[in-house]
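Here's a quick briefing on two spots in a protein chain. Have the 3D view open and follow along.

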Amino acid sequence: MSTIRIPAGWEPHQACLISWAVHREWGSDADAVRRELREIIVTIAEYEPVQLLVPPDLLIDAKQEGFGGNVEIVPAPVDDIWMRDILPTFVVRDQQLCAVDWNFNGWGSSRAPRPGDRLAGLMAASWSIPTVPASFVTEGGAMVFDGEGTLITTKSCLLNPNRNPAFGLTEQVRMLAMEQDLVRFGVRKVIWLEGDTDEPITSGHVDGYVLFTAPSRLLIEGIDPKAAVAGDPRERDIGRLGQETDAAGRRLEVEVVLPPRSRFLRFSDHAFAPCYLNAYVANGAVVTGKFGDPVRDEAACRSLQNAFPERDIRMIRIDHIARGGGGVHCLTKEMPQVLCR
C-alpha cells in the first residue's frame, strides 16, 4: 500500500537549500542583506550540509565568500532569495522523495514575474526527483506541517483572489476543494486560521507567526499587550488553535511568544517582519532572528530552548532581511533525509 507524507521540519535533513541571489530590488540594503544571509548560511552549515543555489553571474562572488566545506555551491537559474516559497515542498512517498510544485505566482503577482519563479520544477528535475503539481496556487511559507498529517494555513493567503480566484464559489467550497487536493500529499486535517489581509506581500503567511515544535505542540506569536485591539485576527487565531485537535485527534498545546517591542526595532517599514518563530529547525539547532529587545529576545530564546531541548538556539540579527518581509524560515528549504520508519 502506497504511503505519502510531508515530513515535519524537525525531522532529519540531508541538506538545507538556500539562494545567494540578492536581487537589485534591495537597493542600498543589498550589502547588509548579503552579510546577514552569509551569517545564516555559515551558521546552518555548522549543523547540516547546505546547498547554496547561485546564479551563473555570481559564482565567482560566492566562491570568494569562503563559506566552508559544508556549503556546496550549486549553479542554478535562481533570481531571488525566498526559497521557502519558490522551491518545491518535499514529500516522502514509499521511501522516495517527491517534490510538490505549488504553482508559485510571485505572491499573487505582488511583484513582476521572473524566470526564477519556475524554479520548483527545474530544480526537482536537476535532482532527479519527480514533481507533483498542486491544483491550486500557494507558497511553502503559507503552510506549516506536523509530519503526521496536520497542516495549518490561513484564509487570508490561500483564499486570496490573487492566488485562487473565487469564480463565484463559496468560501467553504473553495476550502474543501483544496483540502481534497492536499490528501494526495498525506494531509489528513487542515486548520484554517484568519491570517492577515493587511500583510503587504504574502497576504498573511502562517510561518510568520506559527511554529510546530512537535506533534500536537506549537508556538504562536501573540500581540504586544500595549498594541492589542479587540477582535484582532491574531487573537482569534490563538483562540482557534487552543480549541483545535490535530489529525490524530490530540488537543493542541499552544504557547504564546510575544514579539519584540517597537521601541527596540531598527526599522518601522510596513513590510518589516521581526518574527522569532520564522525559524529554521536544523539537524542540531534552531536558527532564527533577534531584534535588539533584551527582554523579548531572551524570552523567545527560552521558549525555543524549552521546545527543542536537544538543539542549540542560534539567534542572528536579520534587520535588513526582515525589512524585506521575511525571516530565516523564508530563506531556507529543507531536503528531508529519507529514513525507514
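This is a predicted model: local features need pLDDT of at least 70, side-chain atom pairs count only at pLDDT 80 or more; totals for chains, interfaces and linings use all residues.

Strand 3 (residues 50-54) is mostly covered, with 5 of its 5 residues buried. Asp85 is buried too, yet it has no salt bridge.

**Strand 3 and its two faces**
- In a regular strand, side chains alternate between the two faces of the sheet.
- Here, Val50, Leu52 and Val54 point one way from strand 3, while Gln51 and Leu53 point the other way.
- Whichever way they point, all of these residues are buried.

**Strand 3 and its partners**
- Strand 2 (residues 13-19) pairs with strand 3 in the parallel sense, over 4 bridges, and Leu17 stands opposite Gln51.
- To get from strand 2 to strand 3, the chain passes through helix 1 (residues 30-45), in a right-handed β-α-β crossover.
- Strand 4 (residues 71-75) also pairs with strand 3 in the parallel sense, this time over 5 bridges, and Leu53 stands opposite Val74.
- Strand 3, helix 2 (residues 59-64) and strand 4 form a right-handed β-α-β unit.

**Asp85 and its surroundings**
- You'll find Asp85 in helix 3 (residues 83-86).
- The nearest side chain of opposite charge belongs to Arg84, and it's 6.4 Å away.
- So what does the side chain of Asp85 join up with? A polar contact of 2.7 Å links it to the side chain of Trp107.
- A polar atom of the Asp85 side chain also lies 2.8 Å from the backbone nitrogen of Gly141.
- Beyond its neighbours within four places in sequence, Asp85 is in contact with several residues, including Phe104, Glu139 and His205.

Methods:
Residues are numbered from 1 along each chain as its sequence is written. Side-chain values use heavy atoms; hydrogens and water are left out. Buried means under 20% relative accessible area, exposed over 50%, partly exposed in between (1.4 Å probe, protein chains only). Lys and Arg count as positive and Asp and Glu as negative; His and the chain ends are not counted. A salt bridge is a side-chain nitrogen of Lys or Arg within 4 Å of a carboxyl oxygen of Asp or Glu. A polar contact is a pair of N or O atoms within 3.5 Å; within protein, one must be able to donate a hydrogen and the other to accept it, and residues adjacent in sequence count only if both atoms are side-chain atoms. Contact means heavy atoms within 4.5 Å. Two strands pair if DSSP finds at least two bridges between them. A crossover is right-handed if, with the strands pointing away from the viewer, the path from the first strand over the helix to the second runs clockwise.
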